[in-house]
Amino acid sequence: CVGSECGSFLRQRIRTGTVDAIFVNHPEPPTQTHGVNEADQSDEPAHMLNNKMVISSAKCLKPDGRGRLIIVTDNLLYAQHICRSVSKLLSQVDLVGVAPREVHDLKRIESFGHGSLNLYEGNPSISVDHYVVKGGPSNGTSYFDRLWRTGAGKHADMKRRYIIALRTKGGKSREAGGSNGTPKKRKKRSEEKQRRRNERRLKRKLES
């Protein structure tokens, strides 16, 4: 466990292009922090996912489509705020929005930046690289997921969660299910098909 201001930690402690994924689960919206410090007169309200943090995250992620930035929140207004801010940054960073075909189990509810970034509704799942415990809940297993289910958040939507998914530019986009989904099933079917072929060949050889 590391206790640090996330932006400076990413800039000073993490090497460029080395991180597979960054997950931001239920970040505190700026409406809950702005104004706490009266001396803060910045244009952008105080919150973790400011422009500097997003730029730092993009630099740390692995290139060629191998790095992902996944943001989960239960606050629709905050999700829309993040999307508007990030969509303006996409021309400056090595990030693109994850396409709907890559997250089949999520519902696209809004697009930003002329369709360059989508806002999804749904549960954290394997399609956005969230770890799902076998036999456990399918809607996330982190501390923040458990907290959300208790209704602890003052500004929480008790029934919906909103997901912003980005990946680094380049490479091939993943099909629904990612590396842990469809490809493995295809491989299993292929192995089964080959096994049956071998059995038929052996049978013909014995009969002859």
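Predicted model: local features only at pLDDT ≥ 70, side-chain atom pairs only at ≥ 80, totals over all residues.
Start with Arg 68. It sits in strand β2, residues 68–73. Is Arg 68 buried or exposed? Its relative accessibility is 1%, so it counts as buried, the cut-off being under 20%.

Now, what does Arg 68 meet? Its side chain forms a salt bridge with Glu 102, at 3.6 Å, N to O. That pair links distant parts of the chain: Glu 102 is in the loop between β3 and β4, 34 residues from Arg 68. Glu 102 is buried as well.

A salt bridge also joins Arg 68 to Asp 129, at 3.9 Å, N to O. Asp 129 is partly exposed, at 28% relative accessible area.

Arg 68 has a polar contact too. A polar side-chain atom of Arg 68 lies 2.8 Å from the backbone oxygen of Ser 127.

Back to Glu 102. It forms a salt bridge with Arg 167, with the closest N and O atoms 3.7 Å apart. Arg 167 is in strand β6, so this pair ties together parts 65 residues apart in sequence. Arg 167 counts as buried, at 11%.

Shared partners join Arg 68, Glu 102, Asp 129 and Arg 167 into one network. The structure as a whole holds five salt bridges.

Last, the surface. Lys 193, Arg 197, Arg 200, Arg 201 and Arg 204 form a positive patch. Arg 197 belongs to helix α5, residues 182–207. At 33% relative accessibility, Arg 197 is partly exposed.

Notes: Residues numbered from 1 in each chain as written. Heavy atoms only, no water. Patch = residues over 30% accessible without salt bridge, like charges linked within 9 Å, V, L, I, M, F, W, Y side chains within 5 Å. Areas by Shrake-Rupley, 256 points an atom, 1.4 Å probe, with all protein chains shown as cover. Salt bridge = Lys/Arg side-chain N within 4 Å of Asp/Glu carboxyl O. Lys, Arg positive; Asp, Glu negative; His and termini not counted. Charge placed at Lys NZ, Arg CZ, Asp CG, Glu CD. Helix = DSSP H or I, 4+ residues; strand = E, 2+ residues; numbered from the N terminus. Buried < 20%, exposed > 50% of the residue type's maximum accessible area, 1.4 Å probe, protein only. Polar contact = N/O pair within 3.5 Å; in protein donor to acceptor, adjacent residues only side chain to side chain.
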